[in-house]
Amino acid sequence: QVQLVESGGGLVQAGGSLRLSCAASGLTFSSYAMGWFRQAPGKEREIVAGISRGVNSYYADSVKGRLNISRDNAKNTVYLQMNSLKPEDTAVYYCAAVRTSATAVRTNAYAFDYWGQGTQVTVSS
């Protein structure tokens, strides 16, 4: 049984930082590209950042320069370091996994096979 469990969300003031973690189990983590998505109330789920099985990454324009995605295959964990947070970053953040080739970064939510339950990030102004 595949499980993705996010942690690290919370309430932070604008300009602050958070580090989200997503621990994966029940799959061969190194064979999966990973993604972080977010969904704000009344809005569609959107890609925030993605990482290949290796080190290739993708960032949405709205977060470039502020967020960093990384993974530790030995710990079966993907991270999202979030700096200079803005109120518009407020959303539920989800991690997702898709089995893919070594260099591929996936950004389409429909491509992903497994999803976590989400963690709330709230940025106050």
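The S-S bond of C22 and C95 has a torsion of about 45 degrees, so the disulfide is right-handed. The sulfur atoms of C22 and C95 lie 1.9 Å apart, a disulfide being defined as a pair of cysteine sulfur atoms within 2.5 Å. This pair links distant parts of the chain, with C22 in strand β3 (residues 18-25) and C95 in strand β9 (residues 91-99), 73 residues apart. Strands are DSSP runs of E with at least two residues, numbered from the N terminus. Both cysteines, C22 and C95, are buried, where buried denotes under 20% relative accessible area, exposed over 50% and partly exposed the range in between (1.4 Å probe, protein chains only). A search of the whole structure finds 1 disulfide.

The structure is a predicted model, in which local features need pLDDT of at least 70 and side-chain atom pairs count only at pLDDT 80 or more, whereas totals for chains, interfaces and linings use all residues. Residues are numbered from 1 along each chain as its sequence is written, and side-chain values use heavy atoms, with hydrogens and water left out.

Nonpolar cores were identified as sets of buried Ala, Val, Leu, Ile, Met, Phe, Trp, Tyr and Cys residues joined through side-chain atoms within 4.5 Å. The largest nonpolar core holds 30 residues, of which M34, W36, L80 and Y93 touch the most other members. At least two residues of this core come from each of β3, β4, β5 (46-51), β7, β8, β9 and β11 (119-124). Contacts of M34, leaving aside residues up to four places away in sequence, include C22, F29, I69, R71, V78 and F112; contact here means heavy atoms within 4.5 Å. A second, separate core of 6 residues includes A33, F37, I47 and A96.

Salt bridges were assigned where a side-chain nitrogen of Lys or Arg lies within 4 Å of a carboxyl oxygen of Asp or Glu. By this rule the count comes to 4 salt bridges. The side chains of R38 and D89 form one of them, at 2.9 Å from N to O. R38 lies in strand β4 (residues 32-39) and D89 in the loop between β8 (77-82) and β9, so placed that the pair links distant parts of the chain, 51 residues apart. Both R38 and D89 are buried. The side chains of R66 and D89 also meet in a salt bridge, at 2.7 Å from N to O. This pair links the loop between β6 (57-59) and β7, which holds R66, to the loop between β8 and β9, which holds D89, across 23 residues. R66 is buried, as is D89. A network of salt bridges links R38, E46, R66 and D89. The side chains of D61 and K64 meet in a further salt bridge of 3.1 Å from N to O, and D61 is exposed, with a relative accessible area of 66%.

R71 lies in strand β7 (residues 67-72). R71 is buried yet has no salt bridge, and the nearest side chain of opposite charge, D72, is 8.3 Å away. For this assignment Lys and Arg count as positive and Asp and Glu as negative, with His and the chain ends not counted. A polar atom of the R71 side chain lies 2.8 Å from the backbone oxygen of Y32. The side chains of R71 and N73 are joined by a polar contact of 2.7 Å. A polar contact is a pair of N or O atoms within 3.5 Å; within protein, one must be able to donate a hydrogen and the other to accept it, and residues adjacent in sequence count only if both atoms are side-chain atoms.

Key: Helix = DSSP H or I, 4+ residues; strand = E, 2+ residues; numbered from the N terminus.
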